[in-house]
Amino acid sequence: MYNSLETDIWTLVGSGDQDAYGRLYVFYYKRLYNYGRKFTDDPVALEDALQEALLAVWTGRERLPQIDKPHTYLISTFRYILFKKLRRDQKVVRLTAVATDDAGEPEFGIDQLLIRRDTESALRDRLQQALQTLTSRQREAIFLRFYEGLSYEEVAAILGISVKATYKLMSRSLLQLKETLSLPVLTILLLLRGLI
Amino acid sequence: MTNGDNNGRYAGYGVPEFICDPFFQDWIIHPQGESAAWWQDWMIRHPEKTTTVSDARQLLQSLYFEEHVPEEGAALQSLASAREKIATTASPGRPIRKTRWWAAAAAAIVILCVSLIYLVTVDHHTQLSYNTSYGETLSLYLPDSSRLILNAHSSVRYGKKWRPGQTREVWLEGEAWFDVRSTAASTFLVHTKDLTVEVLGTSFDIRGRRGKTEVVLQSGKIRLRFTGGGHADLLMRPGDRIILDPATAALTHTTTEPEKYTSWKDRRLTDATIGEILQYLEDNYHKTFILEDPSLADRHIGGVILLDNLDDALFALSTVLNANLIHHQDTITIRPR
């Protein structure tokens with residue numbers, strides 16, 4: 001999943017290659033859609049944010065060569081635009097509801113981070129429970145690191161926090177998961193089950 | 001980023017330290033990356049850490065996310081609408097100028113130069129090709145946004161631009177899984193050494209290994225055309241499996257559960273025999289296996305075997321078979337304990 005575009009795609013788009021832009025558009029549309037869906041299932045907000053972020057790549061293509069990590073930059077732009085749209089929608093609702101969370105940040109869905117189905121069931125239950133204790137930001141950090149495969153520096157840039165804070169956030173999340181387990185020798189059990 | 005084990009500090013690590021270590025995480029996130037090679041090497045030198053490392057790996061590997069895919073065609077539709085916006089903003093009603101002859105001549109010269117350059121460099125710019133080495137798979141979107149997953153030690157080649165209505169063609173060596181977008185107007189062809197698959201909108205697996213070519217159809221409809229002649233065209237249905245052995249020109253036609261043949265793309269095998277698992281590892285990791293007890297080859301392993309990396313798969317095998325694995329260069333002997 002991480003290799004689906006040519007490595008020089010950003011250079012091609014930067015030089016005005018329309019076909020390259022088309023390939024980049026389709027690729028990131030799917031990838032950012034998956035990311036955005038973690039925060040909302042409103043199709044209009046998603047489509048608007050996707051198109052706005054991807055259009056910005058073309059209109060700002062001349063500046064691309066100066067951008068150090070265009071990939072991270074695009075994810076970050078998309079997140080910014082989507083959050084802006086979602087916050088605006090939220091305000092309308094908020095007038096009638098008592099505001100409990102001042103930041104009003106869109107929430108990374110609690111049901112979006114899961115445990116693999118083929119994980120041994122006792123372990124899976126415990127991990128699944130532990131996941132409930134994570135915050136939206138912790139879930140998002142895990143997503144960006146382990147699903148999107150980004151580095152700590154990139155995760156930090158997208159979340160708008162320092163690299164040091166990202167290390168803390170990530171360690172706290174992972175140790176929280178680890179806490180709930182005393183890991184037995186599961187790998188062997190899993191495979192032996194296949195033989196019976 | 002941490003890189004390498006200065007002062008041998010990893011030797012003192014427990015599960016909590018490993019799971020929080022970015023360089024260790026890289027191994028899980030990029031199983032084919034350079035950190036993987038480093039860690040495999042480190043594991044050989046620290047066999048006492050096997051359990052700790054495998055627990056830490058398991059914890060990180062168990063995390064996954066709900067995956068959301070946009071509706072079929074949504075991306076292309078959005079692209080079309082974006083292009084419309086680009087077109088309307090890019091030409092803000094330029095004043096109409098009289099065409100001057102010299103301007104026309106200059107334009108003609110420019111066009112001529114451009115087309116000359118185009119002809120000279122045509123090969124580099126119109127074809128894309130991708131190779132995978134042993135132990136590596138590659139996921140690609142074709143220009144029509146059809147999907148292709150290339151298995152290890154395989155290569156694929158296709159035109160960079162596919163015009164609407166033009167025949168879509170892909171050349172394949174090795175093994176790949178295809179999910180083809182159906183467009184009414186244009187044909188989709190996959191060429192291998194011994195046959196051509198004509199697709200009518202579908203997903204399927206082609207494997208050209210050990211001299212034989214094998215096609216398994218998951219859904220939809222495809223037609224096979226054989227290169228050498230001798231066989232008539234063949235229409236396949238979902239679940240069909242065709243094996244062609246060009247040496248004897250023999251054609252085997254069976255039915256199967258396609259998921260069994262396409263599960264490699266998720267780096268796992270389902271309900272396989274030991275023989276099939278070993279064959280997979282040989283093809284994808286460039287190893288040769290010797291089974292000291294050949295009757296083991298037919299033994300069935302129920303459930304899923306993960307093939308993410310060679311070491312994990314070997315560890316699983318040795319446990320299941322209760323056997324020792326003896327490595328000698330690229331040969332691995334399996335000796336019952």
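This is a predicted model: local features need pLDDT of at least 70, side-chain atom pairs count only at pLDDT 80 or more; totals for chains, interfaces and linings use all residues.
Among the elements of chain A, helix α2(A) has the highest mean pLDDT, at 93, while helix α9 (residues 186–193) has the lowest, at 45.

Chain B comes next, and it has 337 residues, of which 45% are buried. Its secondary structure comprises ten helices and 20 strands. If you look at contacts in chain B between residues at least 6 apart in sequence, 48% of them join residues at least 24 apart. The chain exposes about 17,600 Å², with carbon and sulfur atoms supplying 53% of that area.

Now turn to the interior. In soluble globular proteins, nonpolar side chains tend to be buried together. Here the largest nonpolar core holds 83 residues, and those touching the most other members are Val13(A), Tyr21(A), Tyr28(A), Phe78(A), Phe18(B) and Phe24(B). The element that gives the most to this core is helix α2 (residues 18–36) of chain A, with eleven residues. This is the helix with the highest mean pLDDT among the elements of chain A.

Beyond its neighbours within four places in sequence, Tyr21(A) contacts Val13(A), Leu54(A), Leu55(A), Val57(A) and Trp58(A) from chain A, along with Leu79(B) and Ile86(B) from chain B.

What about charged pairs? Over all chains, the count comes to 13 salt bridges. One of them joins the side chains of Arg79(A) and Glu140(A), at 2.8 Å from N to O. Arg79(A) sits in helix α4 (residues 70–94) and Glu140(A) in helix α6 (residues 136–147), so this pair links distant parts of chain A, 61 residues apart. Are these two partners buried or exposed? Arg79(A) counts as buried because its relative accessibility is 10%, under the 20% cut-off. Glu140(A) is buried as well, with a relative accessible area of 2%.

In chain B, Glu214(B) and Arg241(B) form a salt bridge, also at 2.8 Å from N to O. Glu214(B) belongs to strand β11 (residues 212–219) and Arg241(B) to strand β14 (residues 240–245), so the pair ties together parts that are 27 residues apart in sequence. Both of these residues are buried.

A further bridge in chain B runs between loops. Asp330(B) pairs with Lys287(B), their closest N and O atoms being 3.4 Å apart. Asp330(B) lies in the loop between β19 (323–328) and β20 (331–336), and Lys287(B) in the loop between α9 (274–285) and β17 (288–291) of chain B, so the bridge ties together parts 43 residues apart in sequence. Asp330(B) is partly exposed, with a relative accessible area of 37%. Finally, Glu198(B), Arg223(B) and Arg225(B) are joined into one network by salt bridges that share partners.

Methods: Residues are numbered from 1 along each chain as its sequence is written. Chains are lettered from A and ligands numbered from 1 in the order in which they are written. Side-chain values use heavy atoms; hydrogens and water are left out. A nonpolar core is a set of buried Ala, Val, Leu, Ile, Met, Phe, Trp, Tyr and Cys residues joined through side-chain atoms within 4.5 Å. Buried means under 20% relative accessible area, exposed over 50%, partly exposed in between (1.4 Å probe, protein chains only). Helices (H or I, at least four residues) and strands (E, at least two) are DSSP runs, numbered from the N terminus. Contact means heavy atoms within 4.5 Å. A salt bridge is a side-chain nitrogen of Lys or Arg within 4 Å of a carboxyl oxygen of Asp or Glu. Accessible areas come from the Shrake-Rupley method with a 1.4 Å probe; for residues, only the protein chains shown count as cover. pLDDT is the predictor's confidence in each residue, from 0 to 100.
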